[in-house]
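Please examine the sequence and the three-dimensional structure shown below. The paragraphs that follow lead through it step by step.

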Amino acid sequence: MSDNWTPPPGRNPDEPEREGDQPTDQPANGPARGDGQSPLWWTESTEKQKEYLQPAPPGEQPPLVGPPGQRPGNLTWNLPPYSQPGATPAGPPQAGRPPAGHAPAGPPPAGPPPAGTAPAGPGPSAGGRRGARHAGPPQSGRGTQQPGAAAGDSGAGWQQPAPTPAEGGFQGLGQPVQQPQTWQYPPIPIPQPPGPGRRRKPRRTSRALLIGLVVLAVLVVGSGVTLILRNTGDDKVPASAETPTTAPSVTPSETPSATPTTPAPPTVDEIVTTSRLYTVGVLSPTQCLEPKAVPSTFAGAKAYYGLIVPCMNRTWWLAMKKASLPYRAPKLVVFAGPMKTVCGAESGNRAFYCGTNETIYMPYALGAAYYKRNPVTGRVWMMNTLAHEYGHHVQKLSGIYAASLSRQVNAASPADQLTESRRRELQASCFGSAYLGAAGPYIPLRGPLLATWKVLIANTGDEYSRPRVHDRGNRVNHNYWSVRGFNTKSPNVCNTFVAQTVLTN
């Protein structure tokens, strides 16, 4: 119902209605309403109103409703007045649409109504008093055409039955129960909640939501397949427990466990017989030329020795690197006259190596004497003696020198001590000759120098020493090990500690 609608003021029931209260014109889509409301906002109810009483079964009379204290009498039907023979409906025009083929009700014509018709408007009944207002549902708006009026007659309208003067009384056999005059208000449509009889508007699912659901489903299925394959595979790794065990761990023992055993160091016999130095192979030459210094003077001799030592350092450093052995360059001392060292005193006529300070001691006087007698012999003696003492330094770096001295000291007899000394000295000559063989092409050690060297090694031995001690080997064995090293240019053939005794006499 519109919020700005004001109900019309009440009328005096005793005041007769005036003619011409109905609207003189009709709206475009339906009859005008007396309450000022538009006839288009209300829609007729879809439920069919029951307008007729149903006939009673044979032999049974339906009770009729009437006012208290009044018997209905022998009535059989309670029909509305417009359905009785000869009855004419009367009343105010009903809101709604007339039946098809009938003209809508218009303003009543002036003058008395035609013969056989009832008055068109509502009015007081024979009793002179209006009936009480009725609060029931509105009429369906249907009516009957007045007798004698054509279907297209615009002066005739559809009328509601006129009420009787009695309030709710009976008018006789076959007469309808009179209804009091009421104001017809259109019902207010009440919105109904969705139910099984009403269709909902289909909701559109978001495309992003659909894509997210598809991706989630793929991830779930993929994870499940991966888990199944992992559980059914060949891996025998046991699954870790989900909950930690409550059992305490094993307490450590009071006594410490045994420390990991390190391999025992090699014995002196193993050092001298199985040294990695015997696996080096051919020595690498340093391409050093013979020094041009003249060793006839002390300065000349010192310069001559000093230029050869660096070439030997280079060759033996590469050899020790191949054998994974440490390397340190030796020190060189050229002396003239008696000499005191950490290894003992020397009169000045012998070359020697002191393992304590890793120093090579070369005498000036003996070399100068050989050089004055024959320069070639002097140069060959100086190169061969320096190479022999450098061989003792190689023994020191590889551990053979100290192991051999230990073996010599702990030998069972003096003869065994001398034998150990000879094995050590002959090996040093073999190492020195291996260097001269590798560097010979660059010195160059050929011609008179090579011939003189061969004579020298063949005549060096205990036979020529004074006093004769027999601690260095005879000249035959000295020649054997020197030639062996020179020809092979390798320390691999210099293992004199496993050689037969005849080769170390």
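In this predicted model, buried residues account for 32% of the 505 residues in the protein chain.

The protein chain contains nine helices and five strands. Along the sequence, their order is α-α-α-β-β-β-β-β-α-α-α-α-α-α. Among the contacts with a separation of 6 or more, 74% are between residues 24 or more positions apart.

The interior may be considered next. In soluble globular proteins, nonpolar side chains tend to be buried together. The largest nonpolar core of this model has 51 residues, and Y305, W316, L386 and L436 are those with the most contacts inside it. At least two residues of this core come from each of α3 (298-322), β5 (359-363), α4 (364-373), α5 (375-398), α7 (414-439), α8 (448-458) and α9 (475-488). The helix α3 provides the largest share, 10 residues. Apart from this core lies another, of five residues, which include V272, Y278, I400 and A403.

L436 deserves a separate look. When its neighbours within four places in sequence are left aside, L436 is in contact with N384, A387, I443, L445, W453 and F486. One of these residues, I443, is joined to P444 by a cis peptide bond, with omega at about -10°. P444 itself lies in the loop between α7 and α8.

Attention now turns to empty space. Rolling a probe the size of a water molecule over the atoms shows where such space is left. The second largest pocket holds about 1400 Å³ of space. It is lined by 42 residues, of which R350, A351, H388, E389 and R472 are the closest to its centre. The lining of this second largest pocket receives at least two residues from each of β3 (344-346), β4 (352-354), α4, α5, α6 (400-409) and α7, and its largest share, seven residues, comes from α5. By type, the lining comprises 15 nonpolar, 17 polar and 10 charged residues.

Which residues other than glycine have a positive phi? One is S324, with phi near 55°, in the loop between α3 and β1 (331-335). S324 has a relative accessible area of 55% and is therefore exposed, as the cut-off for that term is over 50%. Another is K489, with a positive phi of about 55°, in the segment after α9. K489 has a relative accessibility of 28%, so it counts as partly exposed.

Conventions. Residues numbered from 1 in each chain as written. Predicted model: local features only at pLDDT ≥ 70, side-chain atom pairs only at ≥ 80, totals over all residues. Heavy atoms only, no water. Core = buried A, V, L, I, M, F, W, Y, C linked by side-chain atoms within 4.5 Å. Buried < 20%, exposed > 50% of the residue type's maximum accessible area, 1.4 Å probe, protein only. Helix = DSSP H or I, 4+ residues; strand = E, 2+ residues; numbered from the N terminus. Contact = heavy atoms within 4.5 Å. 1 Å grid on protein atoms, 1.4 Å probe; cavity = no way out; pocket = protein on both sides within 12 Å on 5 of 7 lines; lining within 4 Å. Points joined across faces, edges and corners; volume = space filled by probe spheres on them. Nonpolar A, V, L, I, M, F, W, Y, C, P; charged D, E, K, R; others polar.
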